[in-house]
Amino acid sequence: MATRNYKKEYESYQGKPEQIKNRAARNSARAEMVKKGVVKKGDGKDVDHKHPIVKGGGNGASNLRAVPASQNRSFARTKNGGMK
């Protein structure tokens with residue numbers, strides 16, 4: 001098994017301005033939910049976007065919900081790894 005090249009991965013994808021912007025939006029959404037008392041550090045919950053950011057969803061309060069991490073990270077994928 002080959003080792004994962006994190007530096008290359010960051011340079012080719014995660015470090016792109018669009019991805020940095022998306023990550024900042026996700027972090028902002030989590031911070032808002034923490035502020036409201038819906039989630040807290042170490043509670044095992046993720047802040048889920050009902051309508052995903054990549055499909056045009058936003059960070060408005062009406063589009064956010066707290067769900068268990070196992071539920072949020074287990075959605076169906078296509079053969080190419082995209083969301084169904």
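Trainee: Which residues make up the largest nonpolar core?

Mentor: Ala-29, Met-33, Val-39, Val-47 and Leu-64, which gives 5 residues. Keep in mind that this is a predicted model, in which local features need pLDDT of at least 70 and side-chain atom pairs count only at pLDDT 80 or more, while totals for chains, interfaces and linings use all residues. Numbering starts from 1 along each chain as its sequence is written, and side-chain values use heavy atoms, leaving out hydrogens and water.

Trainee: Why is that set called a nonpolar core?

Mentor: A nonpolar core is a set of buried Ala, Val, Leu, Ile, Met, Phe, Trp, Tyr and Cys residues joined through side-chain atoms within 4.5 Å. Ala, Met, Val and Leu are on that list, so the 5 residues qualify by type. In soluble globular proteins, nonpolar side chains tend to be buried together.

Trainee: What does Val-39 touch?

Mentor: Not counting residues up to four places away in sequence, Val-39 touches Arg-30, Met-33, Val-34, Lys-45, Val-47 and Ala-66. Contact here means heavy atoms within 4.5 Å.

Trainee: Why does Asn-63 count as buried?

Mentor: Buried means under 20% relative accessible area (exposed is over 50%, partly exposed in between; 1.4 Å probe, protein chains only). Asn-63 has 11% relative accessibility, so it counts as buried. Across the 84 residues of the protein chain, 19% are buried.

Trainee: Where does Asn-63 sit, and which residues is it in contact with?

Mentor: Asn-63 is in the loop between S1 and S2. Beyond its neighbours within four places in sequence, its contacts are Asp-48, His-49, Lys-50, His-51, Gly-57 and Gly-58.

Trainee: What makes the pair Gly-58 and Asn-63 a polar contact?

Mentor: The backbone oxygen of Gly-58 is 2.8 Å from a polar atom of the Asn-63 side chain. A polar contact is a pair of N or O atoms within 3.5 Å, where within protein one must be able to donate a hydrogen and the other to accept it (residues adjacent in sequence count only if both atoms are side-chain atoms), so 2.8 Å meets the distance limit.

Trainee: How many helices and strands does the protein chain have, and what pattern do they follow?

Mentor: There are 3 helices and 2 strands, in the pattern α-α-β-β-α along the sequence. Helices (H or I, at least four residues) and strands (E, at least two) are DSSP runs, numbered from the N terminus. The C-alpha trace spans about 40 × 30 × 25 Å along its principal axes.
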